[in-house]
Amino acid sequence: MKFKTVLGITVAATLAMPAMAQERGGTLNFARYDGSRLIDPIYADRNPDIWMVGSLFDTLLRGSADGNSVEPGLAESYSVSDDGKTVTLTLREGVLFADGSPMTGEDVIFSLDRARNPDLSPWAGLLGSIDTVAADGNTVSLSLSAPDPTILSMLATFNTAIVSKAAFDAAAGDTDQDKSAAIFAATTAGVGSGPFYLCGFEQGASMDFCANEHYWRMGADGKALPYLDGVHFEIVPDDATRILRLQAGEVDAAEFIPFSRVAELEADPSIDMQLYPSTRIIYSPINTRETRADGSPNPMADPRVRQALNYATNKDALIGVVLHGAGQPMSSPLMAKATQYAADLNPLYAYDLDKAKALIAEAGVQPGTEVTLTTLAGSADDATIFAALQQMWGELGLSLVVEQVDNATRGAKNRSGEFDIHTYGWVNDVNDPSQVVGWLGYTPTAKAVGTGWENAEFNTLFEKAASEMDAEARKAQFARMQEIYAEAAPLLFMYETPFAVALGTAVDGYVQTPLGNNIFDEATVSR
């Protein structure tokens, strides 16, 4: 099967249009909940770092607006061979790095070889199918060890962004990590291929992006993006303070607005309250092992009990008390609606107390049986979830008790299986369902998100989907996996949440993608 996309016609059509008046210039002041530590495509492993990468570095391909496909980026066209083992990309002519130096095939080879080096990047596995990367002029060829239906999505993922080999080689330091740190500290134009470059940084306090005057993408007025002169980020961890600073006009945007404040800000005429669709899901892994860590019988090893917990959980009520209505119940057991191939199984375990009681009785669970919910200490949301579930599951005769721990301890308990059920969440990093499905359901990845659940048909389907090049066949495989997972219910399926960002009315064109990436390419601010 061969896929090919050429952007030339689109570019020509755009350039043929008459230039329109377009707001340009100014600095957008953005209040963040947390700061970046290092923005290097291959080393970024925290959301505050990952979500900034796309502003500084471009990828060969770009995710589409709806997140369900890819489109040309630094590569103006691409194709996949009939056997699925060769990807050929034609680089766009005239692309310059932020220092004005030209991007070449050697930069692509250097960048992808860094990205797939397991000694360097925690994300190397995403490119595990690549055997070699070669370039001949503007033509880049990837030879794969096996057909890989995810490879185009991976070429649109942050870790495969293209960096300047010359600028990187010239940076101070003996190791790749040293050079990366030196580039980050330098805050000068050079290594990046994105719409901005990092021009200021104070750890834990602020960060500045300046417009890349050599950026290749054109705006609506026929001139190069971005429209802004720059973006100034201030780190404001306190939710209330971020909002107060926005209301006072001291910043133009504030992220991670508490859902309890959304309705208030929606009613404020000076604020544009945005709820961006996301791939963020909130769920709770359930220990499915026959015995608990202490050797006692585990009632939740019975799928009927896990089903009962889901039926006894009023998801709409949880969304009301935790998200203040700003969310929706999970309709796929494995992913958010914004993820490619997400099945719509809505209602997924709609609230049905009678059915839950019948399943509990059928499973022989005795009244007073104790179940422990492990939550994050200090999390108001987790405390609310516990209080609600304690009341809801009390109707089944279960005694829900809480265990409050820090994040590191919760993760360790998940890996060791020392839990009954615990709170958790997820946001996709890549534009493909394989990542979240592998994490939540494929046993070899992480014991099916620590639950210990295993299903031979599911595992086989996941492995087949990893090399299935027929899109419809692959979609059917993921559909069946979602059916299997829904019936087994190794999770308490709770809800999806949007990304809540409050903007001043002077801001236009800012977007946060379903993967969480902050996009300032076409943003404007009117003073």
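**An enclosed strand and its surroundings**

Guide: Strand E5, residues 75-80, has 5 of its 6 residues buried, so the rest of the structure largely encloses the strand. The model is a predicted one, with an average pLDDT of 94 for the protein and a score of at least 70 for 96% of the residues. Residues 1-18 have a pLDDT that stays under 50, although the model has 25 contacts beyond four places in sequence for them. Where pLDDT is low, the predicted coordinates should not be read in detail.

The partner of E5 is strand E6, residues 86-91, which runs antiparallel to E5 and is joined to it by 5 bridges. Within this pairing, Tyr-78 faces Leu-89 of E6. The two strands form a hairpin with 5 residues between them, and in this hairpin Gly-84 adopts a positive phi near 75 degrees.

Burial is also found at strand E11, residues 230-235: 6 of its 6 residues are buried, so this strand too is largely enclosed by the rest of the structure. The cover extends to both faces of E11, with Gly-230, His-232 and Glu-234 buried on one side and Val-231, Phe-233 and Ile-235 buried on the other. E11 pairs with strand E2 (residues 27-32) in the parallel sense, over 6 bridges, and Thr-27 stands opposite Gly-230 there. With strand E10 (residues 206-211), E11 pairs in the antiparallel sense over 5 bridges; in this pairing Ser-206 stands opposite Glu-234.

Thr-27 leads on to Asp-252, which has Thr-27 among its contacts beyond four places in sequence, together with others including Leu-28, Asn-29, Leu-246, Ala-502 and Arg-527. Asp-252 lies in the loop between helix H7 (239-247) and strand E12 (253-254). Its relative accessibility is 7%, so Asp-252 counts as buried, the cut-off being under 20%. Ala-254 belongs to strand E12 and, at 0% relative accessibility, likewise counts as buried. Apart from residues up to four places away in sequence, Ala-254 touches Ala-31, Arg-242, Leu-246, Ala-500, Val-501 and Ala-502. Of these, Ala-502 is 248 residues from Ala-254 in sequence, yet their C-alpha atoms are 5.3 Å apart.

A further sheet is open and consists of 3 strands in the order E16-E15-E17, with parallel pairing. Strand E16 (399-405) and strand E17 (421-422) are its edges; each has a single partner strand, so one side of each has no neighbour in the sheet. Strand E15 (residues 370-376) pairs with E17 in the parallel sense over 2 bridges, and Leu-373 stands opposite Ile-421 of E17. Helix H12 packs on this sheet and touches E15, E16 and E17, its direction making about 165 degrees with that of E16. Helix H13 (residues 407-416) also packs on the sheet, with contacts to E15, E16 and E17, and its direction makes about 120 degrees with that of E16.

The buried residues of H13 are Arg-410, Gly-411, Lys-413 and Asn-414. Viewed down the axis of H13, these residues fall within an arc of 160 degrees, so they line one face of the helix. They pack against strand E13 (271-285), E15, H12, E16, E17 and strand E18 (424-426). On the face turned away from this buried side, H13 carries the exposed residues Ala-408 and Arg-415. Gly-417, which follows H13, has a positive phi near 80 degrees.

H12 (380-394) also provides a link to helix H10, whose buried residues pack against H12, helix H9 (303-311), strand E14 (328-329) and strand E19 (491-504). In H10 (residues 315-322), the buried residues are Lys-315, Leu-318, Ile-319 and Val-322. Seen down the axis of H10, they fall within an arc of 100 degrees, so they line one face of the helix. The N-terminal end of H10 is capped by Asn-314, with a side-chain oxygen 3.2 Å from the backbone nitrogen of Asp-316. Just after H10, His-324 has a positive phi of about 55 degrees.

Note on methods. Residues are numbered from 1 along each chain as its sequence is written. Side-chain values use heavy atoms; hydrogens and water are left out. pLDDT is the predictor's confidence in each residue, from 0 to 100. Contact means heavy atoms within 4.5 Å. Buried means under 20% relative accessible area, exposed over 50%, partly exposed in between (1.4 Å probe, protein chains only). Helices (H or I, at least four residues) and strands (E, at least two) are DSSP runs, numbered from the N terminus. The arc is that of the directions from the helix axis to the C-beta atoms. A polar contact is a pair of N or O atoms within 3.5 Å; within protein, one must be able to donate a hydrogen and the other to accept it, and residues adjacent in sequence count only if both atoms are side-chain atoms. Two strands pair if DSSP finds at least two bridges between them. Axes are lines fitted to C-alpha atoms, for helices over the stretch in contact, and angles run from 0 to 180 degrees between N-to-C directions.
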